[in-house]
Amino acid sequence: MVDSAPLLPRNSDLESNSVIKACQKSSNNLLQAILIAFAWVFDGQQSFITIFTDAKPKWKCLEPTDQICKQTSNPCGLQPGSWTWASPANTSILSEWGLQCANTVLSSLPSSAFFAGCLVGGLLLSTLADSVLGRKRLLFLSCLIMSLAGSMTVISPNIWVYSALKFVSGFGRSSVGTAALVLSMEIVDKQWREKIGVLGFAFYMLGFLTLPIMAYISQSFSWRSLYLWTNIPSFCYTITIYNFVPESPRWLAVYGRNQTCFSELHDELNNGADKDYNFFASMKILCTTRSTLWRLILVMIASLGISFVYFGMPFSAGNLGTNLYLSVALNALSELPASLLTLLLTATMKRRISILILTTLSGLFSLACALDAAGVAGKIQLAAEVISYCSACTAFNVLLIYSAEIFPTAIRNTAIGLVREAGLLAGVVAPILAAEGQNNRFWSFGFFGLVIMLCGLSCLCLPETKGKELTDHIEEEANN
């Protein structure tokens, strides 16, 4: 049971609600929300950059008459000097550091380390947005760590240092999307809330889409160039948001801070300033409130299942035997209809039904990709893979908006952070399954399809939130 007194600061039973709404209707807030949502661009780039930097490059036989070499699909069993890489060795970490014959765990270590960093960072950083740091400063800190660690990967001498820096980059990236989503949705009025949430997903698509384009342009350059092209703009963006982005008025009201968008709210909140804050108070609420904990578990189960397709499909794109750049570009482009479909579904359909339909659709098409096929059937499978990924993207988008609506302000950032944490568990395992799927597609596409369909059923036990106002305190949420 929860104590009768709120575990987090509360300001005059939120009499400032009218002022908060006035702040949300400020003419500058929409532009600022768009700027905040732009953080998703860099989130998308860093999430999937290893698809290209860690890809296994093509190789060729040095002697055209060498029949043994020509009949071999893997150079590991060939004599040194009988084959060479078709492109410069520094275009991938596998060719530069001689990892072409390494086991799947080692070759996928950087990707798994990145998502492991996201996992640890989400646990340690997400609660700070609901306590001392607030939304804005956490977004700044997360972007700063991600961009600096990402830039430093260019000095990596081996896979171990590289993986360690990927872990740090993932640690920073862990809260970028969460903080951007929560802050952008909390500074705008209700009529813009869903639209701004979907805009963030569209920016994520933009970041993802730029990766195959930049990778194709730089395919003859060192893999390090791709990190510089993505992390230098990210660092510039970090400085921009520090100077031009406001703090969430809802967070200011709940925590009694004295920084506001209007002087009225400034005066009203000063009465609650200078309070003591427990870093993990929001986590305590989640763990001690039965109804909230149950909701969190159900949403996390759904997030886990959806994320196996969401993260696994791009890493498994090469397993279909199609062009890697084309496959990843199609996956990235599918985020656009996913964003538009999210906007349509959140406006017209209930959250639970939307997620159930999307996860079932994604699972069925993923299972279709598990079958061996070639020629025309192979192209059909590529289309099925894109549909499966698009459905999972839409489901994940709806789930994040659903999560922002289902938890109150006092614990919203922590809750969404934990929801993404569950998805990151899939992110850690997905690259390994994708590598195993090169030999047996069931371990990638088959497994992804089964898991997303089963986990999607969990949303049927959650309450519906469509058309309801956001709540601020645990007592309000308990009454819904």
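Which residues does glycine 122 touch, not counting residues up to four places away in sequence? Keep the question in mind while the whole chain is on screen.

**Whole chain**

This is a predicted model. Display it as a cartoon to begin with: the secondary structure comes to 24 helices and two strands. Colour by accessibility next, and 57% of the 480 residues count as buried. Among contacts between residues at least 6 apart in sequence, 83% join residues at least 24 apart.

**Glycine 122**

Select helix 8, residues 109-125, where glycine 122 is found. Glycine 122 has a relative accessible area of 3% and is therefore buried. Show its neighbours: with residues up to four places away in sequence left out, glycine 122 touches Ser174 and Glu421. Now pick the C-alpha atom of serine 175, which lies 6.0 Å from that of glycine 122, although 53 residues separate the two along the chain.

**Helix 11 against helix 22**

The crossing of helix 11 and helix 22 is right-handed.

To see the contact, show side chains on both helices. From helix 11, select Val176, Gly177, Thr178, Ala179, Leu181, Val182 and Glu186; these meet Thr409, Arg412, Asn413, Ile416, Gly417 and Arg420 of helix 22. By type, the residues of this contact divide into five nonpolar, five polar and three charged.

Centre the view on alanine 179, in helix 11. Its relative accessible area is 0%, so alanine 179 counts as buried. Leaving out residues up to four places away in sequence, alanine 179 touches Arg135, Leu138, Leu139 and Asn413.

**The cysteines**

How many disulfides does a search of the whole structure find? The search gives one. Select cysteine 76 and cysteine 101, which form a disulfide with their sulfur atoms 2.1 Å apart. The pair links distant parts of the chain, 25 residues apart. Cysteine 76 sits in the loop between helix 5 (67-70) and strand 2 (83-85), and cysteine 101 in the loop between helix 6 (93-96) and helix 7 (104-107). The angle about the S-S bond is -120 degrees, and the link of cysteine 76 and cysteine 101 is left-handed.

Cysteine 101, with a relative accessible area of 46%, is partly exposed.

Select cysteine 118 next: at 0% relative accessibility, cysteine 118 counts as buried. Then go to cysteine 390, which is in no disulfide; the nearest cysteine sulfur, that of cysteine 393, is 6.6 Å away. Cysteine 390 is buried, because its relative accessible area is 15% and the cut-off for buried is under 20%.

**Helix 13**

End on helix 13, residues 223-244. Helix 13 has 22 residues and reaches 33 Å from its first C-alpha to its last, close to the 32 Å expected at 1.5 Å a residue. Highlight the buried residues of helix 13: Trp223, Arg224, Ser225, Leu226, Tyr227, Thr230, Asn231, Ser234, Tyr237, Thr238 and Ile241. While looking along the helix, recall that an α-helix has 3.6 residues a turn, so residues three or four places apart point the same way.

Notes: Residues are numbered from 1 along each chain as its sequence is written. This is a predicted model: local features need pLDDT of at least 70, side-chain atom pairs count only at pLDDT 80 or more; totals for chains, interfaces and linings use all residues. Side-chain values use heavy atoms; hydrogens and water are left out. Helices (H or I, at least four residues) and strands (E, at least two) are DSSP runs, numbered from the N terminus. The expected span of a helix is 1.5 Å times one less than its number of residues. Buried means under 20% relative accessible area, exposed over 50%, partly exposed in between (1.4 Å probe, protein chains only). A disulfide is a pair of cysteine sulfur atoms within 2.5 Å. A crossing is left-handed if the near helix is turned anticlockwise from the far one by less than a right angle, and right-handed if clockwise. Contact means heavy atoms within 4.5 Å. Ala, Val, Leu, Ile, Met, Phe, Trp, Tyr, Cys and Pro count as nonpolar, Asp, Glu, Lys and Arg as charged, and the others, Gly among them, as polar.
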